[in-house]
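This report walks through one protein chain. It starts with a pair of charged side chains and moves on to other parts of the fold.

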Amino acid sequence: MTPQKKQVINEEVKWDKTQTIVSKTDTYGTILYANKAFTEACEYNALELIGEPHNIIRHPDMPKVAFKALWDALKKGKNYHAIVKNLTKTGKYYWVITDFTIDKNEEGKTTGYTGRRKAVPKSVIDKIEPLYKTLLDIENLKGEKISELYFEGFLKEEVGKNYDEFVVDLFKEEAQKKEQKTQQNDEGESKIKKGLNWFFFGDFL
Ligand SMILES: Cc1cc2nc3c(=O)[nH]c(=O)nc-3n(C[C@H](O)[C@H](O)[C@H](O)COP(=O)(O)O)c2cc1C
């Protein structure tokens with residue numbers, strides 16, 4: 001599946017970052033459902049999205065290995081988290097952390113996947129963006145396999161955990177820092193905390 005060639009603008013799209021962006025796909029990644037937050041962030045309407053491959057919003061700054069790791073996990077039946085930069089209809093971008101879950105029918109057969117996304121603090125993006133740039137550079141110069149092997153080596157030697165744990169811990173750490181700051185500012189329960197509750201403790205807003 002090759003995403004359409006689109007003009008890329010180095011500008012973040014404006015979207016309501018308190019919202020959760022949701023999409024559902026079949027087992028091939030064809031979009032079957034998109035919520036309002038999704039259509040607002042990506043600038044496509046639901047009719048433009050439904051029935052299209054999810055790579056309709058693939059950003060060229062994303063290394064292939066990030067999606068390979070996602071699909072490897074889903075095919076093994078594992079839920080997964082990933083930090084993704086997405087491309088909007090007009091070529092802008094937005095960063096999200098996605099919680100991918102597997103949809104099953106009554107017989108336990110996988111019928112598709114659901115992605116639920118929250119906005120990512122800038123401090124997390126600042127840590128992930130250089131890694132993705134390195135992976136993309138290696139991919140372009142030395143090929144996809146070498147990029148994949150570098151990614152494995154990086155996670156083992158510099159992070160000490162797999163990518164899924166890495167991004168969840170990174171997101172939690174940064175959100176907690178923000179929460180502490182907010183508490184210091186005496187603003188009571190922060191929106192970030194609510195977001196985390198939704199994401200990690202099942203408190204669906
Ligand atoms: C539930 C679900 C949600 C996805 N969400 C995104 C997304 O937001 N952005 C994206 O670029 N790819 C997303 N993907 C992955 C795409 O299917 C695709 O693998 C990716 O865009 C890379 O494109 P390619 O496989 O054509 O290289 C999602 C896949 C699934 C199963």
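Asp103 and Lys24 form a salt bridge through their side chains, with 3.6 Å from N to O. The two residues come from distant parts of the chain, 79 residues apart. Asp103 sits in strand β4 (residues 93–104), and Lys24 sits in strand β1 (residues 21–25). The structure is a predicted model.

Asp103 has a relative accessible area of 19%; it counts as buried because the cut-off is under 20%. Lys24 is at 31% relative accessibility, so this residue counts as partly exposed.

## The chain as a whole

The chain holds 7 helices and 5 strands. Read from the N terminus, the order of elements is β-β-α-α-α-β-β-β-α-α-α-α.

The chain has 205 residues, and 46% of them count as buried. Take the contacts with a separation of 6 or more: 57% of them join residues 24 or more positions apart.

## Further salt bridges

The salt-bridge count comes to 15. One of them pairs the side chains of Glu48 and Lys89, at 2.5 Å from N to O. Glu48 belongs to helix α2, while Lys89 lies in the loop between β3 (80–87) and β4. This pair also links distant parts of the chain, 41 residues apart. Glu48 is partly exposed, at 27% relative accessibility. Lys89 is partly exposed as well, with a relative accessible area of 37%.

Asp61 and Lys85 make another salt bridge, at 2.7 Å from N to O. Asp61 is in the loop between α2 and α3 (64–75), and Lys85 is in strand β3. They are 24 residues apart. Asp61 is partly exposed, with a relative accessible area of 35%. Lys85 counts as buried, at 4% relative accessibility. Elsewhere, salt bridges with shared partners connect Lys68, Asp72, Lys145 and Glu148 in one network.

## A buried arginine without a salt bridge

Even so, Arg117 has no salt bridge. The nearest side chain of opposite charge belongs to Asp99, 10.0 Å away. A salt bridge needs a nitrogen and a carboxyl oxygen within 4 Å, so Asp99 at 10.0 Å does not qualify as a partner for Arg117.

A polar atom of the Arg117 side chain does lie 3.1 Å from the backbone oxygen of Gly115. Leaving out residues up to four places away in sequence, Arg117 touches Gln19, Thr20, Ile21, Val22 and Ser23, along with His54, Val96, Ile97 and Thr98. Trp95 is 22 residues from Arg117 along the chain. The C-alpha atoms of Arg117 and Trp95 are separated by 9.3 Å.

## Packing of α4 and α5

Two packed helices are described by the angle between their axes and the distance between the axes. Helix α4 (residues 122–142) packs against helix α5 (residues 144–159) at an angle of about 145°. Their axes are 7 Å apart. The crossing of α4 and α5 is right-handed.

Which residues make the contact? From α4 come Leu131, Thr134, Leu135, Ile138, Glu139 and Lys142. From α5 come Glu144, Ile146, Ser147, Tyr150, Phe151 and Phe154.

## A positive phi angle

Glu43 has a phi near 70°, a positive value in a residue other than glycine. The residue lies in the loop between α1 (36–42) and α2 (46–49). Glu43 counts as partly exposed, at 27% relative accessibility.

Definitions and conventions
Residues are numbered from 1 along each chain as its sequence is written. This is a predicted model: local features need pLDDT of at least 70, side-chain atom pairs count only at pLDDT 80 or more; totals for chains, interfaces and linings use all residues. Side-chain values use heavy atoms; hydrogens and water are left out. Buried means under 20% relative accessible area, exposed over 50%, partly exposed in between (1.4 Å probe, protein chains only). Lys and Arg count as positive and Asp and Glu as negative; His and the chain ends are not counted. A polar contact is a pair of N or O atoms within 3.5 Å; within protein, one must be able to donate a hydrogen and the other to accept it, and residues adjacent in sequence count only if both atoms are side-chain atoms. Contact means heavy atoms within 4.5 Å. Axes are lines fitted to C-alpha atoms, for helices over the stretch in contact, and angles run from 0 to 180 degrees between N-to-C directions. Helices (H or I, at least four residues) and strands (E, at least two) are DSSP runs, numbered from the N terminus. A crossing is left-handed if the near helix is turned anticlockwise from the far one by less than a right angle, and right-handed if clockwise.
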